[in-house]
Amino acid sequence: MFSRTWTIPRGRRRNWHLHLGGGRALAIAIIITSIIYIFDELAVPQLLRIRPRLDLSWYDLGIYGFGPSQSYISFEYDSPLVEISQTGVGCDPRYSFLAPRGDSIAHPGPMIMDAEGNLVWMKHNWEITQDFKVQRYQDTDYLTYWEGSVTEGRGYGSWYMLDSTYTTRYVITPAGNFGGDLHEFHITPQGTALLAIYDPIPADLTPVGGLKLGWLYDCVFQEIDIATGDLLFEWRASEYVPINNTYHQRQGTAGKDRESAFDFFHLNSIDQDDEGNYIISSRHMHTISCIDRHTGEILWTLGGKTNEFKDLSDGEATNFAWQHDARWHANSTLTLLDNGSHAYSDPERQSRGLVIQLDIANREARRQGAYYHPQEFKSVSQGNLQKLDDRGRVLVGWGHSAAYSEYSADGQMLCDVHFAASAFFLFGRVVSYRVFKGAWVGNPQTPPDAEVMGDMIYASWNGATEAVAWQLEAWDSHDSGDSDDFADTHFHRVELFEKTGFETEIKIPESLESPLFRLAALDSQGTVLGTTGLLQRDSRLDLDELLNLHDWVIRIAVAMSACGLITGLYCIVNCRRCLRRHHSRKNDYQLVPLQ
């Protein structure tokens with residue numbers, strides 16, 4: 001007995017295959033279109049942030065990483081590995097003060113580096129650190145910085161003052177129920193502090209297209225007495241400045257609630273002129289304003305929509321935008337960093353350091369100096385300009401671009417330091433709010449650090465600016481008799497080594513016979529400043545050094561990724577073969593005998 005099954009006619013079968021083929025083509029077209037869309041939306045904007053140039057070094061091209069770092073044997077933290085290029089007389093010999101942070105910084109915090117780029121001192125802070133510098137209070141130098149967190153879109157923290165032993169002597173907070181904002185902490189010669197506050201308040205946002213009852217970040221600054229904490233002066237931007245003077249566009253739900261308060265003013269620096277009036281910078285207004293120290297009234301405004309000054313430099317003295325760090329100097333001179341942009345999408349415009357000469361009485365402004373970077377930096381946030389001496393030499397900290405540069409009065413670059421790869425500056429993986437140069441004497445209370453590895457000693461002393469040499473001292477067991485007496489009198493000098501960089505590598509002399517030894521840090525007069533703990537020859541196999549675990553972890557991760565990619569490609573190829581076999585089978589039905 002036979003059962004007849006239906007066989008698809010050849011013509012219809014051909015049409016059926018065409019129908020399937022058309023559906024397959026449509027699916028492939030949709031997949032390709034989706035990939036192109038995703039690439040255009042996600043990958044292209046990131047690729048456009050890369051700024052390759054023919055004059056970039058391997059360092060700036062990112063061959064050593066976005067933010068190259070230096071690790072140590074005797075010190076637990078990593079510091080940035082910098083690249084220095086200089087011409088002429090080179091870099092200011094004083095220390096650099098910065099607070100690098102970002103995704104490519106392993107241990108962010110305040111940091112001091114010397115003119116050769118060597119670490120001098122650092123402190124690893126878990127919270128955000130900003131505005132690290134040396135300031136003078138009551139005839140004493142202090143290291144000052146802001147530390148805190150970002151709450152509701154603003155900085156909320158305190159300012160710290162450390163003495164020469166790196167001990168915290170003062171913790172400053174604003175008067176009232178406020179957290180200190182990260183943008184400014186400036187100590188005046190009178191022993192007072194000028195500090196910034198961001199206070200979200202209910203406000204009418206209809207002038208900027210918002211709600212009648214919306215929320216505004218009101219920028220506040222205070223002057224307080226450091227010794228007593230008394231409030232001497234307070235000023236609020238909302239009481240004197242219309243919100244529709246801003247250049248900052250309100251977008252989406254900005255201002256709808258407290259958490260998304262609209263930042264119309266963005267106060268980022270506070271200073272005082274010769275008469276004690278306040279000089280403030282509003283980034284979102286593009287203005288520098290002078291505030292009466294008695295009444296709070298605005299005495300004059302430079303730049304922005306309410307500019308009062310005639311520009312004698314064809315607009316070059318008043319066309320600054322999104323600026324930072326406005327400072328008052330003798331002879332009515334202003335300095336600032338003109339960022340020129342505040343987002344990646346802004347029109348291309350170079351950031352620049354700017355010096356402006358003002359004639360207050362006649363309301364005239366003239367550009368006195370401008371300082372550009374040869375790589376045409378576009379620093380979309382942060383930064384500062386510091387006058388280094390009376391000859392007009394200046395330092396520009398490029399903020400969002402991880403670099404700082406020194407210039408002569410006529411704008412010639414003298415020194416350029418990068419602490420990240422400049423081709424990737426727009427990614428913001430390494431930044432420092434400001435950078436300063438200055439003198440500092442540090443005498444840490446902690447003892448020097450030293451580690452023995454093989455026949456080498458690695459010695460460092462975090463923050464010891466006066467140490468210039470290491471003295472190797474051996475324990476004399478004969479002098480101590482049979483007791484374990486490790487008093488200073490039982491150590492004798494073996495050899496003297498020059499201190500080099502942050503960590504000095506010392507080869508253990510073959511003549512050293514004592515099983516125990518130590519290192520003493522000496523100043524330029526030969527005085528012992530401190531000694532390490534007891535050391536002995538390392539007879540163990542140092543697996544960390546042998547394996548270099550960090551590098552091996554990276555290599556293993558790369559190898560596993562490569563294996564995964566190869567496996568995935570192999571599976572795709574085999575799947576395609578299976579699909580081809582499936583579609584190549586005959587679809588005809590045949591007569592089949594029934595048992």
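Biologist: With 55 degrees about the S-S bond, is the link of Cys91 and Cys415 left-handed or right-handed?
Modeller: This is a predicted model, and the sulfur atoms of Cys91 and Cys415 stand 1.8 Å apart in it, forming a disulfide. The value about the S-S bond is 55 degrees, and the link is right-handed.

Biologist: Where do Cys91 and Cys415 lie, and how many residues apart are they?
Modeller: The pair links distant parts of the chain. Cys91 belongs to the loop between β4 (83-86) and β5 (95-98), while Cys415 belongs to strand β28 (residues 413-418).

Biologist: How many disulfides does a search of the whole structure find?
Modeller: Two sulfur atoms must lie within 2.5 Å to count as a disulfide, and those of Cys91 and Cys415 are 1.8 Å apart. For the whole structure, the search gives a total of one.

Biologist: Is Cys415 buried or exposed?
Modeller: A residue is buried when its relative accessible area is under 20%. Cys91, its disulfide partner, has 14% and is therefore buried. Cys415 has a relative accessible area of 1%, so Cys415 is buried.

Biologist: What is the relative accessible area of Cys290?
Modeller: Cys219 is buried, with a relative accessible area of 1%. Cys290 is buried as well, and its relative accessible area is 1%.

Biologist: How many aromatic pairs does the structure hold?
Modeller: One cluster, linked by ring pairs, includes Phe97, Trp121, Phe132, Tyr145, Tyr160, Tyr166 and Trp440. In the structure, the number of aromatic pairs is 30.

Biologist: What angle lies between the planes of Tyr137 and Tyr170?
Modeller: Among the 30 aromatic pairs is that of Tyr137 and Tyr170, with 5.5 Å from centre to centre. Planes over 60 degrees apart count as edge-to-face. The pair of Tyr137 and Tyr170 is edge-to-face, with its planes at 90 degrees.

Biologist: Which strands does the pair of Tyr137 and Tyr170 tie together?
Modeller: Tyr137 and Tyr170 are 33 residues apart in sequence, so their pair ties together separate parts of the chain. Tyr137 is in strand β8 (residues 128-137), and Tyr170 is in strand β11 (residues 168-172). The strands asked for are β8 and β11.

Biologist: Is Tyr170 buried or partly exposed?
Modeller: Tyr137 has 3% relative accessibility and counts as buried. Buried requires a value under 20%. Tyr170 has 24% relative accessibility, so Tyr170 counts as partly exposed.

Biologist: Why is the pair of Tyr142 and Tyr170 edge-to-face?
Modeller: The ring centres of Tyr142 and Tyr170 are 5.9 Å apart. The pair links distant parts of the chain, with Tyr142 in strand β9 (residues 140-151) and Tyr170 in strand β11, 28 residues apart. Edge-to-face applies to planes over 60 degrees apart. The pair is edge-to-face because the planes of Tyr142 and Tyr170 are at 75 degrees.

Biologist: Over the ring of which residue does the charged end of Arg518 sit?
Modeller: Arg518 is placed in strand β35 (residues 516-522) and, at 9% relative accessibility, counts as buried. Its side chain makes a polar contact of 2.8 Å with the side chain of Glu473. The charged end of Arg518 also sits over a ring, 4.1 Å from the centre, and that ring belongs to Phe491.

Biologist: How far from the ring centre of Tyr247 is the charged end of Lys305?
Modeller: The charged end of Lys305 sits over the ring of Tyr247. From the centre of that ring, the charged end of Lys305 is at 5.1 Å.

Biologist: What distance separates the C-alpha atoms of Ile457 and Ser74?
Modeller: Ile457 lies in strand β31 (residues 456-460) and, at 0% relative accessibility, is buried. Leaving aside neighbours within four places in sequence, its contacts include Leu472, Ile506, Phe517 and Leu535. Ile457 and Ser74 are 383 residues apart along the chain, and their C-alpha atoms are separated by 8.9 Å.

Biologist: What is the phi of Asp314?
Modeller: Most residues other than glycine have a negative phi. Asp314, in the loop between β20 (310-311) and β21 (324-329), counts as exposed at 78% relative accessibility. Although Asp314 is not a glycine, its phi is positive, at about 55 degrees.

Biologist: In which loop is Ser332 found?
Modeller: Ser332 has a positive phi near 55 degrees. At 21% relative accessibility, Ser332 counts as partly exposed. Its place is the loop between β21 and β22 (333-338).

Methods:
Residues are numbered from 1 along each chain as its sequence is written. This is a predicted model: local features need pLDDT of at least 70, side-chain atom pairs count only at pLDDT 80 or more; totals for chains, interfaces and linings use all residues. Side-chain values use heavy atoms; hydrogens and water are left out. Helices (H or I, at least four residues) and strands (E, at least two) are DSSP runs, numbered from the N terminus. Buried means under 20% relative accessible area, exposed over 50%, partly exposed in between (1.4 Å probe, protein chains only). A polar contact is a pair of N or O atoms within 3.5 Å; within protein, one must be able to donate a hydrogen and the other to accept it, and residues adjacent in sequence count only if both atoms are side-chain atoms. Contact means heavy atoms within 4.5 Å. Rings of Phe, Tyr and Trp (its six-membered ring) pair if their centres lie within 6.5 Å; planes under 30 degrees apart count as stacked, over 60 as edge-to-face and the rest as tilted. A charge sits over a ring if NZ of Lys or CZ of Arg is within 6 Å of the ring centre and within 35 degrees of the ring normal.
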